[in-house]
Amino acid sequence: MKKVLIIISILLLAGAGYFTYEKWVKHSDLTRWSFVPSDAAVVFEGKLTSDLNLLKEFPLWSIPDQASGFKNLRQGLSFLDSINGEGGFTAIFEDAPAIASMHKVSSNSTDFLFVVELQNISQNTFANAAIGRLKEKGYRFRTRNYNDFKISEINDKGRTLTFIFYKNFFLGSFTPYLVEDAVRALSEDGMPSFKENFVELNDPGAGNFITTFINYEKTGELLEAFVSSEIDFPLNSGSYELAIDSSIVQLSGFSFASKDWLNIHNEQPSTFEMAEVVPNNAAFVYHFTSFNATSWKENQIPYLRTKSDEIKRLQDSLKSQYDFNVDQVFDLVDNEIGIINLESPRVRDRQKLMILEVKDVQESLNFFSLLTQRIAVARGDSVYTESYSDNEIRFLPIRNFPSTLLGEVAENFEQCFYISYKNYLIFSNDLQELKNLISSVSEEETWGKSIQMNDFLSRTNNAANVSLFVNVPRAWNNILTTLKPEWEEHFKQNSSVFKSLDLAAFQFSHLDGVFFTNYTFTQPVKKSRNIPKTDADNGVRFVSKLISKPHLVRTHAHREFDIILQDSTNTIYYLDPDQNALWTETIENPIVSSIYPLDYYKNGKIQYAFTTTTHIHLIDRTGTHIPGYPKELPNSSSIHHFNIIDYDLSRNYRMAITDRDGNVYLGDKDLKVLEGWNPRKFNRSALQPMNHARLGRKDIMISLQENGVVNIMNRRGEYMRGFPFDTKQSINKNYFLRQSNSLSNSSISVITEGGELTELNLEGDVIKRDQLIKTSADTKFRLIPDTGGDSFIILRRDGNSYEVLDDTGNLLFKKDYLSEGPVSVQYYQFGAGKDLVIFTDQPNNALYIYDKSGNLITGNPLNSEHEVSVIYSAAKREFQVFTTWDTNLELYTFNY
């Protein structure tokens with residue numbers, strides 16, 4: 001009997017010991033992190049409600065608030081608050097330490113697991129009382145066992161909150177299996193928790209706000225729920241401290257690179273100096289720096305040759321055919337390399353730049369010049385060069401040359417044109433964009449001169465090995481193309497929310513085997529829409545009725561715009577930006593052309609050229625005519641159209657004049673008529689001024705006739721091959737010219753009044769011809785190019801109904817007007833989604849300004865009798881619209 005009692009005692013002690021071990025010893029080191037499964041993509045650690053409420057105060061919260069997981073968080077807290085009276089849960093759990101881990105829960109959705117540490121009696125009391133209150137309120141409540149843990153579920157209207165209380169921890173999720181995964185992370189061997197799987201991650205700092213931990217493999221899988229391609233981050237994990245103010249959110253900490261691509265950027269980084277040549281229409285900027293580019297190439301070239309057979313073949317081909325080692329280019333590079341994707345209104349276009357900061361510009365130019373000559377000799381070609389605005393544009397005949405240096409990020413350089421500027425070599429796959437860059441630098445339309453960009457860059461890391469800068473509104477169309485169809489539609493419907501995220505930077509700096517990391521996001525505080533209306537009492541009022549639009553002209557005196565307009569007495573008024581009249585001059589007839597600024601004497605001072613039906617005028621900023629002006633046409637014909645042409649921005653101006661009979665005269669700046677243009681005769685009246693474009697080294701002259709004939713000629717007035725092209729119908733006066741690097745890749749689009757949209761290349765081949773839908777037999781069509789010549793819209797009119805279509809014929813919006821008289825339409829495209837479609841109802845002096853969705857962004861119609869002039873300030877995010885009606889000049893200022 002005694003032995004039996006001893007055995008029972010031993011068993012009881014063993015059982016008690018096992019119970020004690022299981023309940024207290026085994027998990028004595030239990031923390032919030034013990035429950036977080038290793039497959040979490042992103043983990044946030046902070047205080048449950050106080051941090052969340054603080055986040056909700058910032059504008060950027062509107063973006064993650066669109067995600068289903070964040071909506072579950074908000075709705076869940078609201079639900080818990082309702083249990084104990086409004087605000088009860090929030091008040092009790094305000095400072096409770098918590099973790100929220102984000103997981104991919106289906107092919108296109110995410111959700112959160114929440115782990116809350118209960119720290120005091122009131123929190124435990126609330127938790128214990130909550131179940132009873134829910135039962136009393138009729139919620140469906142059930143419990144079940146999973147791995148010896150009691151899991152509870154509350155169901156209401158199809159939504160189920162799954163949760164568990166274990167010791168002093170609360171675990172909950174609106175996806176049941178996330179709670180089960182948390183249980184398995186705690187109770188099963190071979191199921192490591194997040195912290196056990198990523199032992200390298202530590203708290204990044206001593207901040208008192210949310211800390212963020214990222215599992216990049218799972219984050220890639222999570223993002224694949226939204227995008228149509230596979231995502232492979234060059235990182236393994238990272239831990240970051242969150243800092244936030246009214247317009248900036250920044251994550252900073254350390255990242256661990258698991259892939260060799262980022263690890264090859266292990267030299268000391270340099271600073272971001274090339275902002276002075278990054279144009280304002282940049283959408284994505286990839287920036288690489290190293291204080292020793294020659295050493296960096298020892299990692300970069302072998303990496304590319306290992307990862308890409310195509311690049312390896314190209315490098316080997318260049319070596320064998322032209323004795324060109326690609327790695328020699330890195331010996332020319334100083335500290336910086338940039339790859340820039342430019343915004344394009346047409347998604348199919350991929351304009352890109354590569355910028356190399358070089359140690360010696362002349363040595364670098366000589367290097368590429370000799371390379372080009374070797375290739376030209378081997379191929380039997382000539383060497384291409386072109387002068388443009390005091391710059392020499394050169395052509396490097398190596399397809400996808402930038403990718404041989406940088407790989408995939410530098411693809412899509414089918415052709416490669418380049419220029420030098422200061423200590424930079426700048427390459428582009430698009431000749432016209434390289435010319436646009438020259439203009440952007442000259443006009444200070446670059447990041448280095450932008451107040452907005454300098455403010456943003458001051459918040460980022462100025463010395464990083466690798467940076468990606470994103471201008472979200474300018475990158476918007478490209479972002480949409482990467483999304484799955486269902487998410488593309490969601491982003492379009494909520495575009496105002498997502499595009500409010502203005503700028504972003506992702507930066508990595510090598511430091512002792514890890515990467516110091518900065519993720520910076522800006523969302524400027526949105527200004528309230530401001531439409532101060534300037535009426536006749538406090539605007540500028542003239543004695544006689546105004547008969548012209550307000551012409552905004554550049555001047556050498558300042559960087560703002562002066563104003564030129566004309567009244568019914570044919571008096572011209574020249575106003576400064578403050579609308580003070582500097583001079584007046586009465587001329588013989590109304591102005592019938594645009595007003596063109598030019599530097600007649602090539603001394604940096606601006607004059608203005610325009611025409612009446614009888615005279616060509618050239619007048620300076622003081623109101624004085626240039627000697628010899630005004631001039632008449634040689635045969636005293638009535639002037640119909642006028643244009644100033646500068647082939648290469650050399651200020652060797654040509655004056656193109658078309659008379660009422662369709663004859664075209666082309667003269668120099670003193671109106672000495674050139675050979676072949678004295679005049680160039682056509683059998684029908686021209687629809688608009690003759691225009692010029694330079695495509696490669698070819699100059700073309702474009703003139704459309706009212707009978708539907710498209711004329712493309714060379715500088716001598718001789719037809720180009722494939723022209724004239726006869727549409728055999730009356731066409732709208734406007735056309736759209738899509739410029740590329742050659743005649744075959746460039747095109748002109750015209751539309752007939754009946755809606756036949758024709759696009760033909762500049763060799764006369766029809767690319768496409770589409771008949772747009774007519775709503776009745778009387779439907780008329782117009783093509784409306786934007787003022788910058790980057791894109792166009794189509795106007796479909798049926799009676800008083802006006803429909804605006806995109807360039808493929810898809811309906812954007814429809815408006816009806818009471819007026820039977822003429823309604824003029826203008827299209828302004830400023831980039832970054834800042835588009836204006838402007839209707840002027842001339843008989844009613846009413847002006848309607850819409851966005852491309854048809855929203856009347858000014859709230860009410862404004863006053864105008866003529867077409868308007870518009871200025872957009874990106875720094876202020878502000879539009880200025882100048883209008884004229886009756887005797888009034890008015891200025892409207894607004895934001896949207």
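Tryptophan 296 is buried in this predicted model, with a relative accessible area of 4%. Phenylalanine 288 also counts as buried, because its relative accessibility is 5% and the limit for burial is 20%. The ring centres of phenylalanine 288 and tryptophan 296 lie 6.5 Å apart and the planes meet at 25°, so the pair is classed as stacked. Another stacked aromatic pair is formed by tyrosine 574 and tryptophan 583, at 5.3 Å centre to centre and 15° between the planes. Tyrosine 574 is buried at 0% relative accessibility, and tryptophan 583 is buried at 10%. The total for the protein is 53 aromatic pairs. Ring pairs also join Phe324, Phe367, Phe368, Phe401, Tyr418 and Phe427 into a cluster.

Two cases of a charged side chain over an aromatic ring are described here. Lysine 195 is placed over the face of tryptophan 33, at 4.2 Å from the ring centre. Arginine 715 lies over the face of tyrosine 647, and the value for that ring centre is 3.7 Å.

Tryptophan 296 is one of the buried residues of helix 10, along with Ala293, Lys297, Gln300, Ile301, Tyr303 and Leu304. An α-helix has 3.6 residues a turn, so residues three or four places apart point the same way. Packing against the buried residues of helix 10 involves both helices and strands. The helical partners are helix 9 (260-263), helix 11 (309-322), helix 12 (328-332) and helix 14 (401-406). The strand partners are strand 11 (282-289) and strand 12 (333-342).

Strand 14 runs antiparallel to strand 15 (residues 391-395), and 4 bridges join the two. Within this pairing, threonine 385 stands opposite arginine 394 of strand 15. The two strands form a hairpin with 2 residues between them. In the turn, serine 389 has a positive phi of about 50°.

An open sheet of 4 strands is arranged in the order 21-50-49-48, with antiparallel pairing. Strand 21 (540-541) and strand 48 (869-873) are at the edges and have a single partner strand each, so one side of each lacks a neighbour in the sheet. Strand 21 is joined to strand 50 (residues 888-894) by 2 bridges, and these strands run antiparallel. Valine 540 is positioned opposite leucine 889 of strand 50.

Over the whole protein, the secondary structure consists of 19 helices and 50 strands. Of the 896 residues, 54% are buried. The accessible surface is about 39400 Å², and carbon and sulfur atoms contribute 48% of that area. Among contacts with a separation of 6 or more, 55% are between residues 24 or more positions apart.

Methods
Residues are numbered from 1 along each chain as its sequence is written. This is a predicted model: local features need pLDDT of at least 70, side-chain atom pairs count only at pLDDT 80 or more; totals for chains, interfaces and linings use all residues. Side-chain values use heavy atoms; hydrogens and water are left out. Buried means under 20% relative accessible area, exposed over 50%, partly exposed in between (1.4 Å probe, protein chains only). Contact means heavy atoms within 4.5 Å. Two strands pair if DSSP finds at least two bridges between them. Accessible areas come from the Shrake-Rupley method with a 1.4 Å probe; for residues, only the protein chains shown count as cover. Rings of Phe, Tyr and Trp (its six-membered ring) pair if their centres lie within 6.5 Å; planes under 30 degrees apart count as stacked, over 60 as edge-to-face and the rest as tilted. A charge sits over a ring if NZ of Lys or CZ of Arg is within 6 Å of the ring centre and within 35 degrees of the ring normal.
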